[in-house]
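Have your viewer open and try each task before you read the solution.

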Amino acid sequence: MEPEAKVKSLRQKIDALDGHILALLNERAKLALEVGRVKSGSQMEPYNSQREEEILKRLESLNRGPFPQRAISPVFREIISACRSLEAELTVAYLGPPATHTHLACIERFGSSVQAMPKESIQEIFEAVEKERANFGVVPIENSTEGVVNRTLDMFIDSEVKICGEVLIRISHDLLSQGGKPGDIEKIYSHPQALAQCRRWLGQNLPHVELAETVSTAKAAQMAAGDPKAAAIASSFASHLYGLRVIESRIEDYSHNYTRFLVLGRQICGPTGKDKTSLLFSIPDSPGSLYQVLRPFSEKSINLTKIESRPIKDQPWEYVFFLDFEGHTRDAHIQEAVSELKKNVLFLKFLGSYPRSS
């Protein structure tokens with residue numbers, strides 16, 4: 001058979017398979033609608049993160065190729081998102097405007113078929129979840145090169161929202177402008193962290209161009225879209241959304257640049273077998289007090305993944321500590337360690353147990 005005829009025959013088979021996939025998607029959607037009716041009648045939560053993670057893990061374990069393993073999660077995340085939208089509308093607040101990395105984390109976690117609600121500040125995201133104006137929120141917590149997002153940590157001190165998930169996003173920055181020509185650029189807009197993450201590249205390539213800070217990379221893209229002599233450091237997603245051209249891709253100084261985002265909610269997640277727990281506490285100002293708090297985790301072979309201190313605003317030189325560790329509060333060894341911890345702290349607040357990001 002001639003190559004053209006062979007390709008035509010193969011494409012016909014692909015078309016037939018696509019039709020079959022579409023029919024199966026509609027069968028799945030019908031079942032999702034039925035699940036939604038049952039949940040509505042019993043006041044069950046429309047979103048179950050534990051269930052969705054189990055689905056993705058099972059499908060990844062079943063895949064034998066050649067369909068790429070890395071594509072399983074994003075493809076089925078969108079299928080799940082679309083079917084979930086038939087059960088009930090899910091509203092997710094994120095740090096806007098559209099096309100921020102927080103927006104990308106929102107899509108990564110919940111798929112595109114949600115009502116994404118941009119907010120101007122981290123505080124507004126917490127308030128939207130706490131006051132039930134949003135089902136969930138997505139906030140940045142730390143970057144691998146620039147460190148912790150202090151505002152997010154501070155909000156947990158007084159807020160009653162829970163952490164019910166985390167998302168790890170590789171951060172890549174593009175230099176964007178209307179015309180796509182570096183010679184036209186007189187000012188570059190971006191978020192302070194993005195500017196810091198591209199400091200070396202900017203110094204080597206555009207050392208005399210003025211740098212201007214904005215509240216987000218997406219806001220920078222908005223501003224560059226309205227000024228032919230300006231550029232923005234933002235995501236490739238922003239270039240499509242705001243009609244900008246790419247001057248240079250991936251200008252970040254370090255290729256292994258990741259930001260961790262937290263998913264905020266009001267529900268407590270059940271164990272998945274691959275979990276993380278976050279809590280905050282304060283301790284007496286005395287020698288060895290922090291050692292006494294952390295010692296039970298070492299004795300129980302519990303891996304601590306993060307510890308961070310923040311000052312208590314109305315108590316000078318007093319601090320609260322944020323602690324992340326592997327495991328779920330329902331695990332026996334975690335319960336034993338936390339029980340010992342309680343004996344040595346002045347204050348303890350559970351922030352959530354949730355599935356770890358891969």
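**Charges over rings**

Exercise 1. Which ring has Arg109 over its face, and at what distance from the ring centre?

Solution. Arg109 sits over the face of Phe110, 6.0 Å from the ring centre. Keep in mind that this is a predicted model. Now look at Arg200: it lies over the face of Tyr254, at 5.2 Å from the ring centre.

**Ring pairs**

Exercise 2. Classify the pair Phe281 and Phe321.

Solution. Start with the search of the whole structure, which turns up 4 aromatic pairs. For Phe281 and Phe321, the ring centres are 5.6 Å apart and the planes meet at 15 degrees. Planes under 30 degrees apart count as stacked, so this pair is stacked. Finally, check burial, where the cut-off is under 20% relative accessible area. Phe281 is buried at 0%, and Phe321 counts as buried at 15%.

Exercise 3. Do likewise for Phe297 and Phe325.

Solution. The centres are 5.0 Å apart and the planes are at 50 degrees, so the pair is tilted. Phe297 belongs to helix 11 and Phe325 to strand 14, 28 residues apart. Both Phe297 and Phe325 are buried.

**The cavity**

Exercise 4. How many cavities of 30 Å³ or more are there, and what lines the largest cavity?

Solution. The count is 1, and the largest cavity holds about 100 Å³ of space. Among the residues closest to its centre are Ile141 and Phe322. Strand 14 contributes the most to the lining, with 3 residues. By class, the lining has 10 nonpolar, 1 polar and 4 charged residues.

Terms used
Residues numbered from 1 in each chain as written. Predicted model: local features only at pLDDT ≥ 70, side-chain atom pairs only at ≥ 80, totals over all residues. Heavy atoms only, no water. 1 Å grid on protein atoms, 1.4 Å probe; cavity = no way out; pocket = protein on both sides within 12 Å on 5 of 7 lines; lining within 4 Å. Points joined across faces, edges and corners; volume = space filled by probe spheres on them. Helix = DSSP H or I, 4+ residues; strand = E, 2+ residues; numbered from the N terminus. Nonpolar A, V, L, I, M, F, W, Y, C, P; charged D, E, K, R; others polar. Phe/Tyr/Trp six-rings, centres within 6.5 Å; stacked < 30°, edge-to-face > 60°. Buried < 20%, exposed > 50% of the residue type's maximum accessible area, 1.4 Å probe, protein only. Lys NZ or Arg CZ within 6 Å of the ring centre and 35° of its normal.
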